[in-house]
Amino acid sequence: MLAALLVAMLIASLNYNSNLGLAFAFLMVGLALVAMHHCHRNLLALSVDANAETDAFAGGEACFDFVLRNESPLERSDIQVRCGSEALSITSVSGNAYGRVTVCIPVSRRGVSRFKQFELRTDHPFGWFRAWTYVQATLTAYVAPAPRGERPIPAAAAAMGQALRAQTRGDEDFAGLRAYQPGVSLKHMAWKVLARGGEPMLRAYSGLAANPEWLEWSSLEGLETEARLSQLCRWVLNSEAALRPYGLRIPGTEIAPACGPVHRCACLRALACYGIEAPR
């Protein structure tokens, strides 16, 4: 369309012998050629890193983080990162710097979603041209079931944990600090760290490791598969928020009791991959 418009301007200016029209047409042609090269240069030698794996919940969004590295002194403007058919984020990167951008992809069902490639593109400076490149890198999203369900943790597991806690009460040793998580009781807050201007932290005690709770598939009789997975997901999040060590037992998988972000991630990925071949 741009080329047709420029040709029409040239023909009209020649037809009516308009010097001003010809000057304007040649100016626009020169501007278009310069814009084309600037659009191509905006992506030239730009490098990108991406987190290959992420976690999400069904009905939410799987977010991938990208780092764009610009090793030239020229600013790269309006860089678009597209992953999937609709997920798109835009950022600019200053010269000799790097920029971060997050692309969030809606995920509606539990499972493992793989994206074989993502796209970098730009239409800077005027939107007349578009330069693009495809990066061949597999991105994997582990989509855990949506945390639903009102059933409490089975009484047997809760009673065992309470009995063990009663026996070991007073024998808990301070084991360090861990990052704050919403929903945790304020009695575990490390107030001295917060008073010194640090990040919100929680106190962890080694004695709690002797009181695990088992979250078991067999304790949810009468529920369908997806309902069981959603309830187990809810239990995992509740136990993690309460700093209670917990283990997970589902058909074909058993995860030993522990606590912390790594253990939480392992449990949620086990629920996401249940009945589905895990990516290699």
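## Briefing: strands, cores and cross-links

Arg249 counts as partly exposed, with a relative accessibility of 28%. Its salt-bridge partner is Glu254, and the closest N and O atoms of the two are 3.4 Å apart. Everything here is read from a predicted model, whose mean pLDDT is 84, with 85% of the residues at 70 or more.

**Strand β12 and its partners**

- Strand β12 covers residues 246–250 and pairs with strand β13, residues 253–258, in the antiparallel sense through four bridges.
- Across this pairing, Leu248 has Ile255 of β13 opposite it.
- The hairpin of β12 and β13 leaves two residues between the strands, and in this hairpin Gly252 adopts a positive phi near 90 degrees.
- β12 also has a parallel partner: strand β11, residues 213–216, is joined to β12 by four bridges.
- In that pairing, Glu213 stands opposite Tyr246 of β12.
- How much of β12 is buried? Four of its five residues are, so the strand is largely enclosed by the rest of the structure.
- Glu254, the partner of Arg249 in the salt bridge, is exposed, with a relative accessible area of 55%.

**Nonpolar cores**

- In soluble globular proteins, nonpolar side chains tend to be buried together.
- The largest nonpolar core here holds 26 residues, and Phe66 and Val81 have the most contacts inside it.
- Which strands supply at least two residues each to this core? They include β3 (61–70), β4 (76–83) and β5 (87–93), and also β6 (97–106), β7 (111–122) and β8 (131–144).
- Val81 makes contacts beyond its neighbours within four places in sequence, and among them are Phe66, Leu68, Leu88, Val101, Val103, Phe118 and Leu120.
- The contacts of Val81 also include Ala87, Ser89 and Glu119.
- Another core, of 23 residues, lies apart from the largest one; Tyr142, Leu220, Val236 and Leu248 are among its members.

**Cysteines**

- How many disulfides does a search of the whole structure find? It finds one.
- That disulfide joins Cys63 and Cys104, with 2.3 Å between their sulfur atoms.
- The link of Cys63 and Cys104 is right-handed, with 105 degrees about the S-S bond.
- Cys63 sits in strand β3 and Cys104 in strand β6, so the pair ties together parts that are 41 residues apart in sequence.
- Cys63 is partly exposed at 26% relative accessibility, and Cys104 is partly exposed at 28%.
- Cys259 takes part in no disulfide, and the nearest cysteine sulfur, in Cys267, is 9.8 Å away.
- Cys259 is partly exposed, at 31% relative accessible area.
- Cys267 is likewise in no disulfide, its nearest cysteine sulfur being that of Cys265 at 9.3 Å.
- Is Cys267 buried or exposed? At 0% relative accessibility, Cys267 is buried.

**Salt bridges**

- Side chains of opposite charge can pair when their charged atoms come close.
- The model has eight salt bridges.
- Asp49 and Arg69 form one of them, the closest N and O atoms lying 2.9 Å apart.
- Asp49 belongs to strand β1 (residues 47–50) and Arg69 to strand β3, so this pair ties together parts that are 20 residues apart in sequence.
- Asp49 is partly exposed at 37% relative accessibility, and Arg69 is partly exposed at 34%.
- Asp55 forms a salt bridge with Arg269, again with the closest N and O atoms 2.9 Å apart.
- Asp55 lies in strand β2 (residues 53–57) and Arg269 in helix α6 (residues 261–272), so the pair ties together parts that are 214 residues apart in sequence.
- Asp55 is partly exposed, with 34% relative accessible area.
- Which residues does the network of salt bridges link? It links Glu53, Asp55 and Arg269.

**Where to take care**

- The mean pLDDT of the protein is 84, but over residues 158–171 the pLDDT is below 50.
- This stretch has nine contacts in the model beyond near neighbours in sequence.
- Where pLDDT is low, the predicted coordinates should not be read in detail.

Methods
Residues are numbered from 1 along each chain as its sequence is written. This is a predicted model: local features need pLDDT of at least 70, side-chain atom pairs count only at pLDDT 80 or more; totals for chains, interfaces and linings use all residues. Side-chain values use heavy atoms; hydrogens and water are left out. Two strands pair if DSSP finds at least two bridges between them. A nonpolar core is a set of buried Ala, Val, Leu, Ile, Met, Phe, Trp, Tyr and Cys residues joined through side-chain atoms within 4.5 Å. Buried means under 20% relative accessible area, exposed over 50%, partly exposed in between (1.4 Å probe, protein chains only). Contact means heavy atoms within 4.5 Å. pLDDT is the predictor's confidence in each residue, from 0 to 100. A disulfide is a pair of cysteine sulfur atoms within 2.5 Å. A salt bridge is a side-chain nitrogen of Lys or Arg within 4 Å of a carboxyl oxygen of Asp or Glu.
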